[in-house]
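Hi,

Here is the structure I said I would pass on. Have a look at it first, and then read my notes below.

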Amino acid sequence: LTYLQELGLADMAIGRRSQDVPCLVGELPLSLPGLKSLNLSGNFFSFEGCKALAHSLEGHGNLEVLDLSFNAGGFVLTESAGAVNIEVENLFTVLRSDSRSQGIAAFNPISLVCEGIGKSKSLTTLKLAGCQLNFDEDFILEDALQSKQGCGLEELDLSNNAFQGVMGVRCLLRILITHKSLKTLHLSQIREALPSCVAVPYEQSDPTAHYTLNLMHPQHRALLRMLLRRCKSQSRPITELFKFEERGDEILKLWGKNQSVPHQGSVSFAFRFPMELGMKIEATQLISRVNEKRKLKVGLVDFVKVAQLFNGLADLEARLLFLEAMAVDLNLKLSHVRYLSELDPVLRTDVVDRLLPAVPEINTLGGFDLAVTCGHHGASLVRDRASIVNLLLFNPACADGRYDFDVSEPAHRKMLDDLIIVNHWERD
């Protein structure tokens with residue numbers, strides 16, 4: 001078996017009764033150094049099996065394809081050898097302490113596999129279709145792929161995981177933009193959904209907040225790694241951005257040594273993400289600079305992948321949710337908005353209303369032309385699209401006046417963000 005390259009164990013009910021066999025199967029790749037493809041779809045991998053598999057991913061140097069699709073072991077704490085593993089029992093006792101969890105395991109065991117992807121040097125294809133994934137696993141994947149060693153991931157199959165929510169889709173869009181080797185992302189249907197009861201939210205544009213993390217939870221560890229990694233792009237020392245209440249020296253020392261974080265205990269800290277405003281620039285340049293640092297630039301190749309993903313979504317609800325996610329973290333161009341508006345005539349107005357605020361330094365004439373072209377026949381731009389008109393006429397260099405914003409309108413939120421930036425700039 002030393003030279004075995006492909007192993008298929010799909011639909012064999014592995015783990016249906018206990019996690020003994022999933023643990024053995026999870027450890028199996030380490031004894032098969034030539035293995036390149038492993039298919040474990042349609043089985044029942046729970047916590048112990050996923051943990052063993054994640055450990056094997058870190059130590060295997062040739063595995064290129066992993067298929068864990070339609071795994072039915074999520075959110076169920078099963079017994080192993082007639083008794084619950086002590087480590088597992090302690091873990092879930094802590095994570096179930098939140099009254100909102102109602103006794104259900106606080107995270108999907110697939111999270112452990114997602115976390116292990118970052119240390120898999122050879123993996124290029126990952127299939128997790130139908131595994132009940134949501135924001136937690138999407139965020140862990142984003143963190144893992146940012147630190148992935150060796151070959152980059154080329155194909156990611158997350159189909160049949162409908163309940164991603166806006167926050168989950170935002171993670172996937174950031175993966176698509178930042179992970180240049182990723183050629184194919186399968187995501188056919190998405191629905192609005194809240195993150196799990198113990199997930200900690202993350203804001204790409206401004207992660208400034210006070211955090212209390214349980215480092216036994218994979219999503220909490222991923223969040224801590226993400227914040228530590230973002231400090232690299234800042235001119236200020238890491239000790240100015242983090243204010244730990246305890247364990248600060250331990251965490252920073254471990255991160256500096258091998259880019260890892262503890263897996264036990266909890267930690268509380270305040271994180272401040274500076275704007276780093278320049279003094280000798282105009283307001284429009286200032287806003288553009290801040291947007292460049294907070295949001296992701298979308299190049300031609302990136303936009304092609306985003307447009308293909310949008311066009312492949314199954315229904316209207318999924319596309320609206322996708323547009324909402326795009327508007328939050330991406331810096332788009334006017335040509336991007338125009339192209340997407342032409343892909344779906346039914347959503348033409350929604351595309352413009354939601355994505356035009358995501359275009360920095362909008363060309364006023366081009367914006368009006370697009371708004372007029374995409375409007376409904378007989379509709380009045382001033383009467384029916386007042387928020388877009390206000391955005392196109394807004395001048396942050398002379399922002400004096402009284403404003404009445406409806407924060408449910410993307411255009412009004414954009415103007416409010418710009419005013420906050422200008423206010424910080426003038427105050428400093």
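**What turned up**

Isoleucine 420 sits in helix α18; helices (H or I, at least four residues) and strands (E, at least two) are DSSP runs, numbered from the N terminus. Before going on: this is a predicted model, where local features need pLDDT of at least 70 and side-chain atom pairs count only at pLDDT 80 or more, while totals for chains, interfaces and linings use all residues. Residues are numbered from 1 along each chain as its sequence is written, and side-chain values use heavy atoms, with hydrogens and water left out.

Back to isoleucine 420: it counts as partly exposed because its relative accessibility is 39% (buried means under 20% relative accessible area, exposed over 50%, partly exposed in between, with a 1.4 Å probe and protein chains only). Together with Val407 and Leu416, Ile420 forms a nonpolar patch on the surface, with about 230 Å² of accessible area in total. Such patches take residues with over 30% relative accessible area and no salt bridge; like charges are joined within 9 Å, and nonpolar side chains (Val, Leu, Ile, Met, Phe, Trp, Tyr) within 5 Å. The areas come from the Shrake-Rupley method with a 1.4 Å probe, and for residues only the protein chains shown count as cover.

Helix α18 comes up again in the second largest pocket, where it gives the largest share of the lining, seven residues. That pocket has a volume of about 690 Å³ and is lined by 23 residues, with Ala327, Pro410, Arg413, Lys414 and Asp417 nearest its centre. Two or more lining residues come from each of α10 (283-294), α12 (316-329), α14 (348-355) and α18 (410-427). By type, the lining has eight nonpolar, three polar and 12 charged residues (Ala, Val, Leu, Ile, Met, Phe, Trp, Tyr, Cys and Pro count as nonpolar, Asp, Glu, Lys and Arg as charged, and the others, Gly among them, as polar).

On terms: on a 1 Å grid over the protein atoms alone, a cavity is a set of points where a 1.4 Å probe fits but cannot get out, and a pocket is an open set with protein on both sides within 12 Å along at least five of seven lines; lining residues have an atom within 4 Å of a point. Grid points are joined across faces, edges and corners, and a volume is the space filled by probe spheres set on the points.

There is one cavity of 30 Å³ or more. The largest cavity holds about 40 Å³ of space, and its lining is Phe273, Pro274, Met275, Val290, Lys293 and Arg294.

Now the salt bridges (a side-chain nitrogen of Lys or Arg within 4 Å of a carboxyl oxygen of Asp or Glu): the count is 16. In one of them, lysine 180 pairs with aspartate 302, the closest N and O atoms being 3.0 Å apart. This pair links distant parts of the chain, 122 residues apart: lysine 180 is in the loop between α6 (165-178) and β6, and aspartate 302 is in helix α11 (residues 300-311). Which partner is buried? Aspartate 302 counts as buried because its relative accessibility is 7%, whereas lysine 180 counts as exposed at 57%.

Arginine 319 also forms a salt bridge, with aspartate 344, and both of these residues are buried. Salt bridges that share partners also join Glu115, Asp143, Arg221, Arg225 and Arg229 into one network.

Cheers
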